[in-house]
Amino acid sequence: MSETANQTLYRQELIKTFERRQSMLEPRVTTDGIASGASYVFLINGSGDATAVTRGTNGKIPARANSDTQVTATMTEWHDKPQATRFNIFSGQAGARRRSAMQEESIAVLNRKKDDLIITELATATQYAGLTATTLTIDKAMHAVSVILSANAGLTQNDVTGLLTPAALAYLMQVKEVTSKDYVEMGPLPGMPLMIRWAGITWMTHTALPGAGTSSETLFVFHRNAIGLARDMDNMNVAAGYNDEDDYYYARASMFMGAKLLQATGVCKLRHDGSAYAATA
């Protein structure tokens, strides 16, 4: 007769899944908070590439008007609402800890949406560095930088961002001009997403870029003033509670926002082959 009575123990702390929980791109674009409205208009102002003139034959200086371009971002409501019955919380592993997790994850979903909207607008740009998808090199990265500079979007401090897939980062980190302190202004910081400042640009790794992990990845180099993100003034509305009638807990995160490409010349896309660094079975 067996004298063994094994028991199964369940850990009562949650282990988070691998997901993006913060918005990496919101600080890298032009943002505005609005109190109300179905759309938000960004005003792009400049001289229209005017050149200096001499005084006219009549003795007067010719006048001109500045160039004003209005670009509209359409506001849309975005929500996430997880819920669970009281019995599921009572009987399930980790118990009440799952209630707070619902609220944490709903916020993470909204943060991901911010980046998704920005990336969608970046993808509408039409300028490329090169015609074919090759692996990232110094020459290819500098091609993209050249495109931005040619648009007179200067490499002012902290205003130009390079977005890399994990595969593109893997190639770039094999180049001494990127890894050596002689060339890099700012290296990765502890506890922060991998970010380096090189060639006057802040380079970041993002896992949601188009085609990530394939032979047709899309990377981006863009100026802050090329992309706008409009959002409600309160930024995010978060609620959590209990429904007495149907006996369930819920959490909700809501946000009104819209992104828009403001100046196409301030965005350069790179076709990239990241297939060599994709996961294999």
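**A walk through the model**

Let's start with Ala251, which counts as buried, at 0% relative accessibility. Here buried means under 20% relative accessible area, exposed means over 50%, and partly exposed is in between, with a 1.4 Å probe and protein chains only. Before going on, a word on the ground rules: this is a predicted model, where local features need pLDDT of at least 70, side-chain atom pairs count only at pLDDT 80 or more, and totals for chains, interfaces and linings use all residues. Residues are numbered from 1 along each chain as its sequence is written, and side-chain values use heavy atoms, with hydrogens and water left out.

Back to Ala251, which sits in strand 13. Helices (H or I, at least four residues) and strands (E, at least two) are DSSP runs, numbered from the N terminus. Setting aside neighbours within four places in sequence, Ala251 is in contact with Asp80, Lys81, Pro82, Met102, Gln103, Ser106, Ala239 and Ala240, where contact means heavy atoms within 4.5 Å. Take Asp80 from that list: 171 residues separate it from Ala251 in sequence, yet their C-alpha atoms are 8.2 Å apart.

Strand 4 (residues 76–80) also holds Glu77. Not counting residues up to four places away in sequence, Glu77 touches Met255 and Phe256.

Now for helix 3, which covers residues 138–150. Its 13 residues reach 18 Å from first C-alpha to last, close to the 18 Å expected at 1.5 Å a residue; that expected span is 1.5 Å times one less than the number of residues. Which residues of helix 3 are buried? They are Lys140, Ala141, Ala144, Val145, Val147 and Ile148. Looking down the axis of helix 3, these buried residues fall within an arc of 155 degrees, so they line one face of the helix. The arc is that of the directions from the helix axis to the C-beta atoms. On the other side of helix 3, Asp139 and Ser150 are exposed. As for what covers the buried residues, the list includes strand 8 (195–198), strand 9 (201–205), strand 10 (217–223) and strand 14 (267–272).

On the way into helix 3, the loop from helix 2 (97–122) contains Ala133. This residue counts as partly exposed at 33% relative accessibility. Beyond its neighbours within four places in sequence, Ala133 is in contact with Ser215, Arg271, His272 and Asp273. Its C-alpha lies 15 Å from that of Ala278, which is 145 residues away along the chain.

The backbone is worth a look here: phi of Asn152 is near 65 degrees, a positive value in a residue other than glycine. Most residues other than glycine have a negative phi. Asn152 is exposed, with a relative accessible area of 65%. Asp247 also has a positive phi, near 60 degrees, and is found in the loop between strand 12 (237–243) and strand 13 (248–261). At 25% relative accessibility, Asp247 counts as partly exposed.

Finally, the largest pocket: how much volume does it have? About 520 Å³. On a 1 Å grid over the protein atoms alone, a pocket is an open set of points where a 1.4 Å probe fits, with protein on both sides within 12 Å along at least five of seven lines, and lining residues have an atom within 4 Å of a point. Grid points are joined across faces, edges and corners, and the volume is the space filled by probe spheres set on the points. Of the 20 lining residues, the closest to the centre are Ile44, Asn45, Ala151, Gln263 and Thr265. Strand 2 (39–46) and strand 3 (67–74) each supply at least two lining residues, and the largest share, three residues, comes from strand 2.
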